[in-house]
Amino acid sequence: MNKLNFLQPDKNNLNTYLYTGTILVALSIFIVFLNSFFNKDLISFLPGTLSFFLPLILGFIGLHLIRIEYSGLKFLDSINKHINTNNFNAFLSLLIVFVVIKSLPPLLSWFILDANIAGDSKDVCTGTGACWTYIKIWFNRFMYGMYPNAEQWRINLSFIALAFLGTIGFFATEKFKKYLTLYYVVIYPVIAFFFIFFFISGGPIFFDFSYGIIAAVISIIIGFFIPSKFKMYYFIIVPITLYILLKYVFFYEELIELGKLEALEWVETGAWGGLSLTFIVSFFCLIFCFPIGLFLSLGRRSDFPIIKYFSIGMIEFWRGVPLITVLFMSSVMFPMFLPEDMFIDKLVRVIIAISLFEAAYVAEVIRGGLQALPRGQYDAAKSLGMGYWKMHILVILPQALKLVIPGIANTFLALVKDTPLIFVVGLLEIVGMLNLAKTNPEWLGFAMEGYVFASVLFFIICYAMSKYSYNLEQKYKTER
Amino acid sequence: MSDKIIQITEMNKWFGDFQVLKNINLEVEKNKKIVVCGPSGSGKSTLIRCINRLEEHQEGSIIVDGNELTADTKDIEKIRAEVGMVFQQFNLFPHLSILDNCTLAPIWVKKMPKKDAEDLAIQHLEKVQIADQAHKYPGQLSGGQQQRCAIARALCMEPKIMLFDEPTSALDPEMIKEVLDAMVNLAKAGMTMIVVTHEMGFAKEVADEVIFMDEGMIVEKAETKEFFANPKSDRTKLFLSQIL
């Protein structure tokens, strides 16, 4: 047997070091575990400070003893490599393990063991834990705001329809693949707008939605017989003309009659709220701010002074003001500049304001990507005879946008998390609803549960977005 | 003369205060191969970049295939489509496969049907012997293969003139030959070519004329044999003695 040297463990006495070390580490964790879960202090006989630090010291010595390089044991090597490379890392690892063990019991008890979910009034919440009954009772409000209960199927239907239309791209056949970008950039947002604005709003305005759908269907059917050369203009002009004809010529007199018909109940945007409003606001802001930001970033690099300085002005203005003042201005000051009889919905104004605000950030992120591309890419595209738009759409933007996916995802996540700010103009999305609910005299004192609930929801949404952006990055990784 | 496909007269160009090209006069006839050589910073690259207006000149005139290049040339894209260019850094589009690199411009600029464009691309890729790599991405190919792909990409536009801007300077010595071979084949097929290069072997083999540039001026312009046998100016002699 070789001589033991406890200051420098080596391979020769592997087992001795291993057993001593493991026992010490296990002992230290056991002490903390007992203390945390069963409130028993094994080492209370020691002086105060020492008993507090003893587990840490024991574990530290243990980890030191098992730090043996190339021991030949896979598990040990992996531990040494990842959490036990040197004294400092060993110390941090131990600390993290202890903190986790220490904080588990209170968390478990608050979230699950002592929590209540049964019943339907606050009286059932007698335990020391969370009162999930509160979330259960208010769930509907947190999801739909003040939207009338009987009409909530309209929100559900809209979201399901939009989700379905959104995933249609995955099933597109080869022939329609090249129109996908057009679909997602132009057609889908318009459909989404129709759905949300007309269907969820309802009321007389709902008939506009019907005309829109009829116009779209008719024009698509006729569209099959139009030579592809004119299709672009056709699809811009004909649906709009048809819509106007339907609305003002064919059905004009019926429209007055239609008031008697049973239309959907009109729900003003002030009553929208909860998580569905979070979705609506984030969704529209996302799809609007991206193209606006794209054009601003291109505009900033333009050779035309007017476009260039307009873009710079826009970007710097929106980046320079706080979002909260933008929202205030959109709801308080903006209507003052409008003619008396003109009225733009509060929600629409808010969406425009946030979109422009975030567009400035998106523009700068995209500009970063544009600047990262070598000049040679522009030269090559030009030398093949491409003009400005072809060069950008086919060569420059696909590469630049790919580079800035992380930056864009960052901006979008920030946008989603900024939406609660719309409470300043009186729109109550989920956090706004929480604030409202916690001041309800019947349900005072449950703010904590509400915020935890909202945090979890936001985390799920944002984590999904960030995962998706990471997937996109991997999908478009082609070079090097 | 109608077979003068490029005519440059009294052309001057400045970058800011610095005059890069001084009083350039050059005529290129159809199907001729011109090699431009000279020390670095002599304006060779700038000269051929002016021919498809990647750089703008300030004085004088450049006439390419009957069209004068000026600031208000509306259809500069059309002229560029007729002039293929190969760059020192390849400048392939890294987000597209080799085949898509070759078909992109024919489909979107010349409005060629996709099937025809792909056939054409494969045909040209075969000529430069990388048809088997057609579905890889540029990042997966060696420098020599990338440069040959760049040649094929330019050829897919069926240009009347090909410009080469130091096509072998960024390559390992082993790969230079495969690129030069592709260029020699192209020359034999009768393409009008202007090549900026330091490969004097290539110049001797294919060039009809050699132009020597220094400090933004054309110092010497002569038939290939004449150029190498009896260079006239001292500057040319010095250059040749160093490079050969």
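Chain A has 20 helices and one strand, where helices (H or I, at least four residues) and strands (E, at least two) are DSSP runs numbered from the N terminus. This is a predicted model, in which local features need pLDDT of at least 70, side-chain atom pairs count only at pLDDT 80 or more, and totals for chains, interfaces and linings use all residues. Residues are numbered from 1 along each chain as its sequence is written, chains are lettered from A and ligands numbered from 1 in the order in which they are written, and side-chain values use heavy atoms, with hydrogens and water left out.

**Chain A overall**

- Of the 480 residues of chain A, 43% count as buried; buried means under 20% relative accessible area, exposed means over 50%, and partly exposed lies in between (1.4 Å probe, protein chains only).
- Among contacts in chain A with a separation of 6 or more, 67% come from residues 24 or more positions apart; contact means heavy atoms within 4.5 Å.

**Nonpolar cores**

- The largest nonpolar core holds 132 residues, and A:Phe142 and A:Met386 touch the most other members. A nonpolar core is a set of buried Ala, Val, Leu, Ile, Met, Phe, Trp, Tyr and Cys residues joined through side-chain atoms within 4.5 Å.
- Helix H15 (residues 346-372) of chain A gives the most to this core, with 13 residues.
- Leaving aside neighbours within four places in sequence, A:Met386 is in contact with A:Ala381, A:Met391, A:Leu394 and A:Val395, and also with B:Glu77, B:Phe93, B:Leu104, B:Ala105 and B:Val109.
- Another core lies apart from it, with 48 residues that include B:Phe164, B:Leu171, B:Met193 and B:Val206.
- As background, nonpolar side chains tend to be buried together in soluble globular proteins.

**Two helix pairs to look at**

- In chain A, helix H12 (residues 274-300) and helix H13 (residues 305-320) pack at an angle of about 130 degrees, with their axes 7 Å apart. Axes here are lines fitted to C-alpha atoms, for helices over the stretch in contact, and angles run from 0 to 180 degrees between N-to-C directions.
- That angle makes H12(A) oblique to H13(A); angles under 35 degrees count as roughly parallel, over 145 as roughly antiparallel, 65 to 115 as roughly perpendicular and the rest as oblique.
- H12(A) brings A:Leu296, A:Gly299 and A:Arg300 to the contact, while H13(A) brings A:Ile307, A:Lys308, A:Ser311, A:Ile312, A:Met314, A:Ile315 and A:Glu316.
- The residues of this H12(A) and H13(A) contact divide into five nonpolar, two polar and three charged. Here Ala, Val, Leu, Ile, Met, Phe, Trp, Tyr, Cys and Pro count as nonpolar, Asp, Glu, Lys and Arg as charged, and the others, Gly among them, as polar.
- In chain B, the axes of H3(B) and helix H4 (residues 114-127) come within 9 Å and cross at roughly 125 degrees, which makes H3(B) oblique to H4(B).
- From H3(B), B:Ile98, B:Leu99, B:Cys102, B:Thr103, B:Pro106 and B:Ile107 meet B:Lys114, B:Ala117, B:Glu118, B:Ala121, B:Ile122 and B:Leu125 of H4(B).
- The contact of H3(B) with H4(B) has nine nonpolar residues, one polar and two charged.

**Buried spots**

- B:Leu92 sits in the loop between strand E6 (83-86) and helix H3 (98-108) of chain B, and counts as buried at 6% relative accessibility.
- Beyond neighbours within four places in sequence, B:Leu92 is in contact with A:Gln377, B:Asn101, B:Pro138, B:Gln146, B:Cys149, B:Ala150 and B:Arg153. The C-alpha atoms of B:Leu92 and B:Cys149 are separated by 8.0 Å, although these residues are 57 residues apart along the chain.
- A:Ser469, in helix H20 (residues 447-475) of chain A, counts as buried at 12% relative accessibility.
- Seven of the eight residues of helix H1 (residues 44-51) of chain B are buried, among them B:Lys44 and B:Arg49.

**Loops and positive phi**

- A:Ile117 lies in the loop between helix H4 (87-113) and helix H5 (132-144) of chain A, and counts as exposed at 52% relative accessibility.
- B:Asn31, in the loop between strand E2 (18-29) and strand E3 (33-37) of chain B, has a positive phi of about 65 degrees although it is not a glycine.
- B:Lys111, in the loop between H3 and H4 of chain B, has a positive phi of about 55 degrees and is exposed, with a relative accessible area of 59%.
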